[in-house]
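Please find below a short note on the model under review. It is arranged as numbered points.

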Amino acid sequence: MAVSRQPVLKRCRSLGIEPAYLGIYKKSKKQLQRQTRKLSEYGTQLREKQKAKFIYGVLEKQFRNYFAKASKMRGVVGENLLALLETRVDNALFRLGFARTRREARQIVSHKSVLVNGKRISIPSYNLKPGDVVTITEKARQSQRFKDITAATGSVIVPAWLSADKERLQGTVVSVPTREMIEIPVHETLIVELYSK
């Protein structure tokens, strides 16, 4: 399995993203050096795609598959793409405040500590549907790790498309997220333009 091992803060600087979007609240001491050359149209489109891939922790082949699936769905392709990425089980865990970062959420899922509708899930890219109930297993709930996570993520604001029960470490998908509910600094129309070439 391919894994991106690039330093997170360095990548955030190069893409111009705040590390807080990834759940990281460290500040880099280095400053981003401004480019003297203006980015081309292709360059700006590519940067938006790289931002989306980096934020959600998805590699190129999987991202392309999400785009193909989004273009077959009804509605606006860019919004469908972001909705598919948002409803991944690892992202939902991060949004519910059951993980400090998306990478940690991915690890929690692959360690089989998550139940979806009572069934154990070990695939981080599993897509949730409205009505699905995501629960942390009883064994994992009692571990020190989850006590630390709940202490660190107690003030996390849960988006409107999810509802969370912090006591039982359980969340429910209320609806499919719309673009207004997805707060990431990505212009999805540029990604659609890039793939439409």
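1. Basis. The model is predicted, with local features requiring pLDDT of at least 70 and side-chain atom pairs counting only at pLDDT 80 or more, while totals for chains, interfaces and linings use all residues. Residues are numbered from 1 along each chain as its sequence is written, and side-chain values use heavy atoms, without hydrogens and water.

2. Sheet. An open, antiparallel sheet is built from five strands in the order β2-β1-β3-β5-β4. Helices (H or I, at least four residues) and strands (E, at least two) are DSSP runs, numbered from the N terminus; two strands pair if DSSP finds at least two bridges between them.

3. Pairings. Three bridges link β1 (residues 114-116) to β2 in the antiparallel sense, and L115 has R120 in β2 as its bridge partner. Between β4 and β5, also antiparallel, there are four bridges; here A164 is partnered by G171 of β5. The hairpin of β4 and β5 has four residues between the strands, and L169 in its turn shows a positive phi of about 50°.

4. Helix α4. This helix (residues 77-86) is largely enclosed by the rest of the structure, because eight of its ten residues are buried (under 20% relative accessible area, with exposed over 50%, partly exposed in between, and a 1.4 Å probe on protein chains only). Among the buried residues are N80, L84 and E86. The buried residues of α4 pack against α2 (41-56), α3 (60-72), α5, α6 (102-110) and α9 (188-195), where contact means heavy atoms within 4.5 Å.
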